[in-house]
Amino acid sequence: MTKILAFAELKDGEIRNVSFETVAAARQIDESAEVVAVVLGSQNVEDAANQMIQYGADRAVTVTHDLLANYTSDGYTQAAMAVIEQEDPDGLVMGHTSAGKDLSPRIASKLDNGLVSDITGIEGDQFVRPIYSGKAFEKKTIKDGKTFVTIRPNNIAPLEQDGGRSGDITSLEVDIKDLRTIIKEVVRKASDGVDLSEANIIVAGGRGVKSEEGFEPLYELADVLGAAVGASRGACDAGYCDYSLQIGQTGKVVTPDLYIACGISGAIQHLAGMSNSKVIVAINKDPEANIFNVADYGIVGDLFDVVPKLTEELKALQVK
Ligand SMILES: Cc1cc2nc3c(=O)[nH]c(=O)nc-3n(C[C@H](O)[C@H](O)[C@H](O)COP(=O)(O)OP(=O)(O)OC[C@H]3O[C@@H](n4cnc5c(N)ncnc54)[C@H](O)[C@@H]3O)c2cc1C
């Protein structure tokens, strides 16, 4: 029987959704494989391991260490390699997140193994991944070595949670040492609301919002929808919002179920970050705007008229 490791990812001790997607991906790679969840962290590790099992893993291996409180390349490589050496898996699946993007090539190089990164789908033995900033897709087959992939968050649906499902959880002692970087403190920008990279719905604003205050109606719409707010670089460059909201080639790559672009022209560099969203709604007063070429639904109009009306209608629906 093949064995596939599905790596969980914790943020402040909370398990991230992409963790459950790694389990589903492992099952898609080989339905009959033994799927072993790997949970590395400093707190809530056991709880996360249990959740990984409830979402379809057969068992879990954990490494708990104070030096795993925050992601460091050295610390996480040491912990992950210890688990891989113990388990000798046939496959590995990680999230294509900031940490996964850093960790996976290190592990691949230590294993002298290939890596197919940023996959958005699995078709039989083929791994589908966007190339040229999402303008095309390629399909890759792994011919030898371990099947090692990273998955783009929000593309492979997690399996249904089964609260009654149980499995072995073993903890592995790893002497993490000689770290070249130690994180002493993490200072987060205050941000309320939903994490952009994992959001199911995103309301994004462009230069068309015209000012910082212009984002207010977008936040109101996002509130009603339980959505995250994002932006084009045009809006960030103009100082209307923080760069942490930027979506695109040099910003975040997102794949929500619904993306509402307000006052965004649809430059190729913006499309690179959002064109794989499942449903795209564009609101723009220029009927020739390029964003309409990728939109499933287009509204030609002034966003300051359209967005508040949408918010009102959605609120009314919720009241009913
Ligand atoms: C190397 C490089 C990397 C880049 N990376 C990124 C990136 O990661 N992300 C990104 O977004 N861009 C990126 N850019 C910038 C990109 O080329 C565009 O300049 C940028 O996306 C434009 O932002 P925008 O659509 O908000 O602004 P604009 O192009 O100015 O478009 C504003 C739109 O708002 C509409 N509008 C105006 N008023 C209203 C209104 N009241 N109601 C409705 N619609 C209205 C207009 O019709 C227009 O279509 C990059 C550029 C380069 C060169």
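**The ligand and its surroundings**

Guide: The ligand is surrounded by 26 residues, of which the closest are Arg207, Ser232, Thr250, Ser265 and Asn284; a residue is near a molecule if one of its heavy atoms lies within 4 Å of it. This is a predicted model, in which local features need pLDDT of at least 70 and side-chain atom pairs count only at pLDDT 80 or more, while totals for chains, interfaces and linings use all residues. Residues are numbered from 1 along each chain as its sequence is written, and side-chain values use heavy atoms, with hydrogens and water left out.

Visitor: Which polar side-chain atom lies 2.6 Å from a nitrogen atom of the ligand?

Guide: A polar contact is a pair of N or O atoms within 3.5 Å. Here that side-chain atom belongs to Thr250, while a polar backbone atom of Ile247 is 2.8 Å from a nitrogen atom of the ligand, and a polar backbone atom of Gly263 is 3.0 Å from one of the ligand's oxygen atoms.

Visitor: How many residues of the shell around the ligand are nonpolar, polar and charged?

Guide: The shell divides into five nonpolar, 15 polar and six charged residues.

Visitor: What space is taken by the ligand?

Guide: Rolling a probe the size of a water molecule over the atoms shows where empty space is left. In this model the ligand takes the space of the second largest pocket, which holds about 270 Å³. Among the 18 residues lining this pocket, Ser232, Arg233, Gly234, Ala267 and His270 are the closest to its centre.

Visitor: Which helix gives the largest share of the lining of that second largest pocket?

Guide: Helix 6 does, with three residues.

How values were computed:
A polar contact is a pair of N or O atoms within 3.5 Å; within protein, one must be able to donate a hydrogen and the other to accept it, and residues adjacent in sequence count only if both atoms are side-chain atoms. On a 1 Å grid over the protein atoms alone, a cavity is a set of points where a 1.4 Å probe fits but cannot get out, and a pocket is an open set with protein on both sides within 12 Å along at least five of seven lines; lining residues have an atom within 4 Å of a point. A molecule sits in a cavity or pocket if more than half of its atoms lie within 2 Å of its grid points. Ala, Val, Leu, Ile, Met, Phe, Trp, Tyr, Cys and Pro count as nonpolar, Asp, Glu, Lys and Arg as charged, and the others, Gly among them, as polar. Grid points are joined across faces, edges and corners, and a volume is the space filled by probe spheres set on the points. Helices (H or I, at least four residues) and strands (E, at least two) are DSSP runs, numbered from the N terminus.
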